[in-house]
Amino acid sequence: MSDWTKVTQKKTSSAANAASSAPRSSDPSKIAVSSSKSSSKTLTSKSGFKTNEFIVYPAHGVGQIVAIEEQEVAGFKLELYVISFVKDKMTLKVPTPKVVAVGMRKLADANVVKKALDTLTGRARVKRTMWSRRAQEYEAKINSGDLVAIAEVVRDLYRSEIQPEQSYSERQLYEAALDRLARELAVVQKLSDPDCFKLIESHLAKGPRRAAKVEEAIIVEENDVEEAA
């Protein structure tokens, strides 16, 4: 299996343009500002997040708070988190009062990580509905920011080398979910990308159906060798 595909959402320039537009949109990344104050020191806002902290923004995955700015918007002072998504080459500014509304959260704790990894070893649950509907459900889980829900998508769409190949749309969703899952696990468990990928793959290989398929393939291979002899 190839390494996971990095989600490439190159929105640095669009986020910067949005920051200078009129504040008519409720999108927290599109806030007009007239002045800015930031500090290189570690700061903690009233929302409980601090500079240099890694967080999860549901729509984009794991990012790092690089600054907490105080800016003036329409005559009012507004505190914003400046969040960097290095792999996506994107920076997002989120007003601190909006963190709950957008679902921004701290990294998963040990219990949630364990539950997500255990989910990978479970039996795939694929509903007998049209693919378009299932695709919407998978996408909603990926963008929910819920690590366990994302693990469910990875589990359900995973295909081992001896299983039928995925369609293009299935592959896209699988890689998006795998990328989100891997990025958070890598930061939480302080793993390199290759090691994180191996960890996820090892848990996926433990699934009941996949393990049975592997054993069946071994038996078939052994029979073929005996017949050839």
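In this predicted model, buried means under 20% relative accessible area, exposed means over 50%, and partly exposed covers what lies in between.

Q: Is Glu70 buried, partly exposed or exposed?
A: Glu70 sits in strand β3, which runs over residues 61–73. Its relative accessible area is 36%. Buried needs under 20% and exposed needs over 50%, so Glu70 comes out as partly exposed.

Q: How far apart in space are Glu70 and Leu80, C-alpha to C-alpha?
A: Glu70 belongs to strand β3. Along the sequence, Glu70 and Leu80 are ten residues apart. In space, their C-alpha to C-alpha distance is 6.3 Å.

Q: Among contacts between residues at least 6 apart in sequence, what share joins residues at least 24 apart?
A: For background, the chain has 229 residues, of which 39% count as buried. Now take the contacts between residues at least 6 apart in sequence and keep those that join residues at least 24 apart. That share is 60%.

Q: How much space lies in the largest cavity?
A: Searching the whole structure for cavities of 30 Å³ or more turns up one. Its lining includes Val56, Tyr57, Pro58, Arg180 and Glu184. The space in the largest cavity is about 50 Å³.

Q: Which elements each supply at least two residues of the lining of the largest cavity?
A: The lining is made of Val56, Tyr57, Pro58, Gly61, Val62, Gly145, Leu147, Ile150, Arg180 and Glu184. By class, that gives six nonpolar, two polar and two charged residues. The elements that each give at least two of the lining residues are β2 (54–57), β3, α5 (147–157) and α6 (168–188).

Q: Which residues is Thr119 in contact with, leaving aside neighbours within four places in sequence?
A: Thr119 is in helix α3, residues 110–120. Its relative accessible area is 13%, and the cut-off for buried is under 20%, so Thr119 counts as buried. With those sequence neighbours set aside, its contacts are Val148, Ala151, Glu152 and Arg155.

Q: Which element gives the largest share of the largest nonpolar core?
A: This core has 29 residues, and Leu120, Val154, Leu181, Leu185 and Ile200 touch the most other members. At least two residues each come from α3, α4 (131–142), α5, α6 and α7 (193–204). The largest share is eight residues, and it comes from α6.

Q: Which residues does Leu181 contact, leaving aside neighbours within four places in sequence?
A: Leu181 is one of the residues that touch the most other members of the largest nonpolar core. Once those sequence neighbours are left out, its contacts are Leu120, Leu147, Ile150, Ala151, Val154 and Ile200.

Q: What is the angle between the planes of Trp131 and Tyr138?
A: The whole structure has three aromatic pairs. In this one the rings are 6.1 Å apart, centre to centre. Trp131 is partly exposed at 24% relative accessibility, whereas Tyr138 is buried at 6%. The pair counts as tilted, and the angle between the planes is 50°.

Q: How many residues apart are Tyr158 and Tyr174?
A: Tyr158 and Tyr174 form a tilted aromatic pair, 6.3 Å centre to centre with 45° between the planes. Tyr158 is buried at 7% relative accessible area, and Tyr174 is buried at 1%. Tyr158 is in the loop between α5 and α6 while Tyr174 is in helix α6, and the two are 16 residues apart.

Q: What distance separates the C-alpha atoms of Ser160 and Ala205?
A: Ser160 lies in the loop between α5 and α6. Its relative accessible area of 15% makes it buried. Ser160 and Ala205 are 45 residues apart along the chain, and their C-alpha atoms are separated by 7.9 Å.

Q: Is Lys89 buried or exposed?
A: Lys89 is in the loop between β4 (76–85) and β5 (90–95). Its phi is positive, about 55°, although Lys89 is not a glycine. At 57% relative accessibility, and with the cut-off at over 50%, Lys89 counts as exposed.

Note on methods:
Residues are numbered from 1 along each chain as its sequence is written. This is a predicted model: local features need pLDDT of at least 70, side-chain atom pairs count only at pLDDT 80 or more; totals for chains, interfaces and linings use all residues. Side-chain values use heavy atoms; hydrogens and water are left out. Helices (H or I, at least four residues) and strands (E, at least two) are DSSP runs, numbered from the N terminus. Buried means under 20% relative accessible area, exposed over 50%, partly exposed in between (1.4 Å probe, protein chains only). On a 1 Å grid over the protein atoms alone, a cavity is a set of points where a 1.4 Å probe fits but cannot get out, and a pocket is an open set with protein on both sides within 12 Å along at least five of seven lines; lining residues have an atom within 4 Å of a point. Grid points are joined across faces, edges and corners, and a volume is the space filled by probe spheres set on the points. Ala, Val, Leu, Ile, Met, Phe, Trp, Tyr, Cys and Pro count as nonpolar, Asp, Glu, Lys and Arg as charged, and the others, Gly among them, as polar. Contact means heavy atoms within 4.5 Å. A nonpolar core is a set of buried Ala, Val, Leu, Ile, Met, Phe, Trp, Tyr and Cys residues joined through side-chain atoms within 4.5 Å. Rings of Phe, Tyr and Trp (its six-membered ring) pair if their centres lie within 6.5 Å; planes under 30 degrees apart count as stacked, over 60 as edge-to-face and the rest as tilted.
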